Amino acid sequence: MIHFLTTLLASLGLTMSQADTPATVVQHERVILAEQPGLADLDAWAAAGIQAVVNSRTPQETAGLDFDMRAEVENRGMRYVELPIGGAYGANPEHTLVLTQLLEELDGDIAMHCRSGTRSAHLYSAHLMSQDPSIDNPFDVIGWTGGRDNGMVRALTPDNEH
């Protein structure tokens with residue numbers, strides 16, 4: 001069944017995650033969407049050549065980890081970027097501009113994460129819609145099966161801030 005689904009999704013230009021690490025939820029093109037990674041996940045991402053890790057958790061959430069996320073990512077040779085979503089940080093369309101710039105600067109894969117991957121999926125969806133406004137449902141494009149909030153995507157999309 002997995003082979004059938006993988007083949008079907010590939011024919012549609014999508015990928016189904018057969019996670020190399022437990023944190024990976026789904027991968028679309030150069031972007032891995034993941035839940036909170038552990039140190040083993042960071043090791044696996046570094047070994048796979050991931051160039052950057054984008055953290056969509058708030059600084060307060062990240063401070064609650066039992067390791068220093070920034071230091072651990074950077075010690076493995078990856079770039080660390082914080083684009084917090086939620087709580088007092090809301091849904092900032094500037095984050096989408098930063099993500100777009102990061103994807104333009106780097107030629108390799110990046111990993112985006114939050115607690116469950118949902119906030120990261122919304123940020124990446126906003127990026128896709130800012131690049132191609134004809135996309136009706138970015139969640140379907142990336143194969144996201146988790147929570148969906150089109151209002152959050154609109155709030156994160158720079159063109160919609162007016």
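Which residues have the most contacts inside the largest nonpolar core? Some notes on that and its surroundings follow.

1. A word on the basis: this is a predicted model, where local features need pLDDT of at least 70 and side-chain atom pairs count only at pLDDT 80 or more, while totals for chains, interfaces and linings use all residues. Residues are numbered from 1 along each chain as its sequence is written, and side-chain values use heavy atoms, without hydrogens and water.

2. Leu33, Leu99, Ile110, Met112 and Tyr124 have the most contacts inside the largest nonpolar core, which has 25 residues. Such a core is a set of buried Ala, Val, Leu, Ile, Met, Phe, Trp, Tyr and Cys residues joined through side-chain atoms within 4.5 Å, buried being under 20% relative accessible area (1.4 Å probe, protein chains only). Elements giving two or more residues include β2 (31–34), α5 (93–105) and α6 (118–131); the largest share, 5 residues, comes from α6. Helices (H or I, at least four residues) and strands (E, at least two) are DSSP runs, numbered from the N terminus.

3. Beyond its neighbours within four places in sequence, Met112 is in contact (heavy atoms within 4.5 Å) with residues including Leu33, Val54, Leu99 and Tyr124.

4. Do look at α5 and α6: their axes, lines fitted to C-alpha atoms over the stretch in contact, with angles from 0 to 180 degrees between N-to-C directions, come within 9 Å and cross at roughly 75 degrees. That makes α5 roughly perpendicular to α6, a label for angles of 65 to 115 degrees. Leu99 and Leu103 are among the α5 residues that meet α6, where Leu123 and Tyr124 are among the partners.

How values were computed: Buried means under 20% relative accessible area, exposed over 50%, partly exposed in between (1.4 Å probe, protein chains only). Angles under 35 degrees count as roughly parallel, over 145 as roughly antiparallel, 65 to 115 as roughly perpendicular and the rest as oblique.
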